[in-house]
Amino acid sequence: MGTTRIALIMHTPLGAAFDACAAHVLGRVPDLKVFDIEPDAEPETKSAEVLAWLREGGLDTPALMLCDLYGATPFNIAAVAQRRAQEEGYIVHLLTGTNACMVLKALTDQQENPDSLSERVREGALRGIVNAEPPPEC
């Protein structure tokens, strides 16, 4: 089984922004695909593009797709591509509510077991949400 491929499928320009953030934090070009969805995008066309990307990896290469908002157009595009790919035998996971911690966790654990990767990425998102106290004054 190959390294899990990662795609960001989000309202434009959020995917590109997460990609740039990951590059900044990691100090390297992230190994991911960005599908920024414009307001006037045709969902069926975009879903076909995502499906084509999934197929490029081959049946032995799992994929993790990260979306910003559950139920929104980017999510629906990803969900259609996921369903079609899974019907063809591809291993595809889909998570929503993406934050920077999720993107970084996905990229740093990318070679791990794909069946547990999506859960670790979800847990990483929760660990990154902190009700922080202000630091004491110096």
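**View 1. The loop between strand 1 and helix 1 holds Pro13.** Thr12 and Pro13 are joined by a cis peptide bond, with omega at about 5 degrees. Most residues other than glycine have a negative phi, and most peptide bonds are trans. The model is predicted, with pLDDT of at least 70 needed for local features and 80 or more for side-chain atom pairs, while totals for chains, interfaces and linings use all residues. Residue numbers start from 1 along each chain as its sequence is written, and side-chain values use heavy atoms, leaving out hydrogens and water. Helices (H or I, at least four residues) and strands (E, at least two) are DSSP runs numbered from the N terminus.

View 2. The order of the 4 strands is 2-1-3-4. Strand 2 (33-37) and strand 4 (92-95) are the edge strands, each pairing on one side only. From one strand to the next, the twist averages 15 degrees. Two strands count as paired if DSSP finds at least two bridges between them. Strands of a sheet pair through backbone hydrogen bonds, either parallel or antiparallel. Strand 3 (residues 63-67) runs parallel to strand 4 and is joined to strand 4 by 4 bridges. Within this pair, Leu64 has His93 of strand 4 as its bridge partner.

**View 3. Strand 1 and strand 2 are linked through helix 1.** The two strands pair in the parallel sense over 5 bridges. Met10 stands opposite Asp36 in strand 2. The β-α-β crossover from strand 1 through helix 1 to strand 2 is right-handed; that is, with the strands pointing away from the viewer, the path from the first strand over the helix to the second runs clockwise.

**View 4. Helix 1 and helix 3 lie across strands of the sheet.** Helix 1 (residues 14-26) lies across strand 1 (5-11) and strand 2, at about 135 degrees to strand 1. Helix 3 (residues 73-87) lies across strand 1, strand 2, strand 3 and strand 4, and runs at about 160 degrees to strand 4. Axes are lines fitted to C-alpha atoms, for helices over the stretch in contact (heavy atoms within 4.5 Å), and angles run from 0 to 180 degrees between N-to-C directions.

**View 5. Helix 1 packs against helix 4 (residues 100-108).** Their axes are 10 Å apart, at an angle of about 60 degrees. Helix 1 is therefore oblique to helix 4; angles under 35 degrees count as roughly parallel, over 145 as roughly antiparallel, 65 to 115 as roughly perpendicular and the rest as oblique. On helix 1 the contact is made by Phe18, Cys21, Ala22, Val25 and Leu26, and on helix 4 by Ala100, Val103, Leu104, Leu107 and Thr108. The contact has 9 nonpolar, 1 polar and no charged residues. Here Ala, Val, Leu, Ile, Met, Phe, Trp, Tyr, Cys and Pro count as nonpolar, Asp, Glu, Lys and Arg as charged, and the others, Gly among them, as polar.

**View 6. Helix 4 packs against helix 5 (residues 114-127).** The angle is about 145 degrees and the axes lie 8 Å apart. From helix 4, Cys101, Met102, Lys105 and Ala106 meet Leu117, Arg120, Val121, Gly124, Ala125 and Arg127 of helix 5. By class, this contact has 6 nonpolar, 1 polar and 3 charged residues.

**View 7. Helix 2 (residues 43-56) packs against helix 3.** The axes are 8 Å apart and the angle is about 50 degrees, which means that helix 2 is oblique to helix 3. Pro43, Glu44, Lys46, Ser47, Val50, Leu51 and Leu54 of helix 2 meet Thr73, Ile77, Val80, Ala81, Arg84 and Ala85 of helix 3. This contact has 8 nonpolar, 2 polar and 3 charged residues.
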